[in-house]
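The report below takes the helix pairs in turn and then turns to the chain as a whole.

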Amino acid sequence: MAAPAQGITLAGALIGLVFGILLDRTNFCAMGGISDAVTFGDSRRFRAWVLAGATALAGTTWLQAVGLVDLDTSLYRATRLNWFGHLAGGGLFGAGLVLAGGCASRNLVRAGTGDLRAGLTLVVLGITAFITLSGVLGAARVSLADMTAIDLGAVGFTDQGLDTITATVLGTSKATTHLV
């Protein structure tokens with residue numbers, strides 16, 4: 001049984017290595033793409049960021065279509081929409097991107113090339129994520145989410161999936177709106 005686990009570990013290491021090389025060579029960064037488009041009118045990095053998101057969406061949809069993952073069990077497909085957490089968390093995360101000089105992926109590449117500031121940024125990011133998820137701020141985060149969440153089930157949605165929202169709005173069956 002050790003061979004499959006080693007294969008998965010090796011595959012993960014290989015994917016990580018290729019990902020890191022691509023990030024380094026292309027200067028890929030979500031914040032950098034937006035900054036380039038707004039500041040210089042150069043949308044190349046922004047388009048690459050959008051393409052990466054579209055590729056991830058298509059890949060995830062394919063993985064579900066072939067039965068390798070079940071997205072219906074994901075917390076992102078729940079009927080409960082934490083709108084305030086998305087807005088406040090997104091705003092704080094965006095401000096953190098600006099202060100850190102780039103996204104977590106970009107800082108990971110920078111740390112890998114020897115940038116100690118980027119390494120410290122990643123340590124602070126990890127500690128903050130842990131504290132917010134299950135540490136000192138975890139209870140406050142959960143309470144705030146409970147106070148502000150919207151139950152989409154009360155208005156007829158069975159989950160937050162784009163296929164479900166489209167089917168509910170158009171009045172069609174969910175199966176007809178799948179991308180596959």
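## Helices H5 and H6

In this predicted model, H5 and H6 are oblique to each other, a term for angles that are not under 35 degrees (roughly parallel), over 145 (roughly antiparallel) or 65 to 115 (roughly perpendicular). Helix H5 (residues 104-112) and helix H6 (residues 116-133) pack at an angle of about 135 degrees, and their axes lie 7 Å apart; axes are lines fitted to C-alpha atoms, for helices over the stretch in contact, with angles from 0 to 180 degrees between N-to-C directions. The crossing of H5 and H6 is left-handed, meaning that the near helix is turned anticlockwise from the far one by less than a right angle.

On the H5 side, Ala104, Asn107, Leu108, Arg110 and Ala111 meet Arg117, Ala118, Gly119, Thr121, Leu122 and Leu125 of H6, where contact means heavy atoms within 4.5 Å. By class, this contact of H5 with H6 holds six nonpolar, three polar and two charged residues, with Gly counted among the polar ones.

## Start and length of H6

At the start of H6, a side-chain oxygen of aspartate 115 comes to within 3.0 Å of the backbone nitrogen of arginine 117. The 18 residues of H6 should span 26 Å at 1.5 Å a residue, and this agrees with its end C-alpha atoms, which are 26 Å apart; the expected span is 1.5 Å times one less than the number of residues.

## Helices H2 and H3

Helix H2 (residues 30-40) and H3 pack at an angle of about 140 degrees, with their axes 7 Å apart, and H2 and H3 are therefore oblique to each other. The crossing of H2 and H3 is left-handed. Ala30, Gly32, Gly33, Ile34, Asp36 and Ala37 of H2 make the contact with Arg45, Phe46 and Trp49 of H3, and the residues of this contact divide into five nonpolar, two polar and two charged.

For helix H3 (residues 44-65), the 22 residues should span 32 Å at 1.5 Å a residue, and the end C-alpha atoms are 31 Å apart, which agrees. H3 is followed by glycine 67, whose phi is positive, near 85 degrees.

## The chain and the model

The protein chain has eight helices and two strands, taken as DSSP runs (helices H or I, at least four residues; strands E, at least two) and numbered from the N terminus. From the N terminus on, the elements run α-α-α-β-α-α-α-α-β-α, and the C-alpha trace spans about 55 × 45 × 40 Å along its principal axes.

Residues are numbered from 1 along each chain as its sequence is written, and side-chain values use heavy atoms, leaving out hydrogens and water. Because the model is predicted, local features need pLDDT of at least 70 and side-chain atom pairs count only at pLDDT 80 or more, whereas totals for chains, interfaces and linings use all residues.

Conventions. Polar contact = N/O pair within 3.5 Å; in protein donor to acceptor, adjacent residues only side chain to side chain.
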